[in-house]
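Me: I have a structure open and would like to learn how to read its features. Please walk me through it.

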Amino acid sequence: MSVMDTTTVETTVTVVAGLLLIVGVLGTIIPILPGSLLVIGTLLVWAWVLGSAVSWTAGIIGIVLAVIGMSSSAILTGRKMRREQIPHGPVIFGVVVGIIGMFLVPVVGLFLGFALGLLVAEYVRRRDLAAAWRSSVEALKSLGLGMLLEFAFASLAVFAFAVGTFLHFSG
């Protein structure tokens, strides 16, 4: 392959990777899109195709950041759910109602359905609306904070990609 062909391939892969990374970051806050896993996979493929020390360094830094974001989100949410004594059942019911809501109410149906499903499941479990409301609000706050953390770390991973892209193509 000539130098021109290599540059064209690298540029094309970088542009496609950038677009996929945007989708991945959005996927951390819009659950119907792939999130951190897409960021991780994209950075791995991008680093492999470019193959430079800079792309591998930026890719690995970005992957580590995305993994930290995913892990911290899962740990934080799980810890809060245990503290509030919310079993998996109401959360799963909330997810199912959220998916149904996604088709009934465009854009916000997933979130509204999840919140409503969680509240109903907690009410059925506790038989106390005030207690169900409190636990549902706490669960939603922890999920929101987890999403925010994952979003922040995925964004930092994309920043590592941007720096790596700049250094790769300017050097």
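**Salt bridges and cores**

Reply: A salt bridge here is a side-chain nitrogen of Lys or Arg within 4 Å of a carboxyl oxygen of Asp or Glu. This is a predicted model, where local features need pLDDT of at least 70, side-chain atom pairs count only at pLDDT 80 or more, and totals for chains, interfaces and linings use all residues. Residues are numbered from 1 along each chain as its sequence is written, and side-chain values use heavy atoms, leaving out hydrogens and water.

Me: Where do Lys 141 and Glu 138 lie?

Reply: First the idea: side chains of opposite charge can pair when their charged atoms come close. Here, Lys 141 and Glu 138 both sit in helix H6, 3 residues apart, about one turn of the helix. Helices are DSSP runs (H or I, at least four residues), numbered from the N terminus.

Me: Is Glu 138 buried or exposed?

Reply: Buried means under 20% relative accessible area, exposed over 50%, and partly exposed in between (1.4 Å probe, protein chains only). Glu 138 has 18%, so Glu 138 is buried. Lys 141 has 49%, so Lys 141 is partly exposed.

Me: How many salt bridges does a search of the whole structure find?

Reply: The search finds 3. Salt bridges that share partners join Glu 122, Arg 125 and Arg 126 into one network. Arg 125 pairs with Glu 122, their closest N and O atoms being 2.8 Å apart. Glu 122 also meets Arg 126, at 2.7 Å from N to O.

Me: How do the members of this network sit?

Reply: Arg 125 and Glu 122 are 3 residues apart in helix H5 (residues 109-126), so about one helical turn separates them. Glu 122 and Arg 126 are 4 residues apart in helix H5, about one turn. Glu 122 is buried, at 0% relative accessibility. Arg 125 is partly exposed at 36%, and Arg 126 is partly exposed at 28%.

Me: What is a nonpolar core?

Reply: It is a set of buried Ala, Val, Leu, Ile, Met, Phe, Trp, Tyr and Cys residues joined through side-chain atoms within 4.5 Å. In this model, the largest nonpolar core has 16 residues; among those touching the most other members are Leu 21, Trp 46 and Phe 161. Helices H1 (3-27), H2 (36-50), H3 (53-83) and H6 (129-170) each give two or more residues to this core. H2 gives the most, with 6 residues.

Me: Which residues are in the second core?

Reply: That separate core has 5 residues, including Met 81, Phe 114, Leu 118 and Ala 139.
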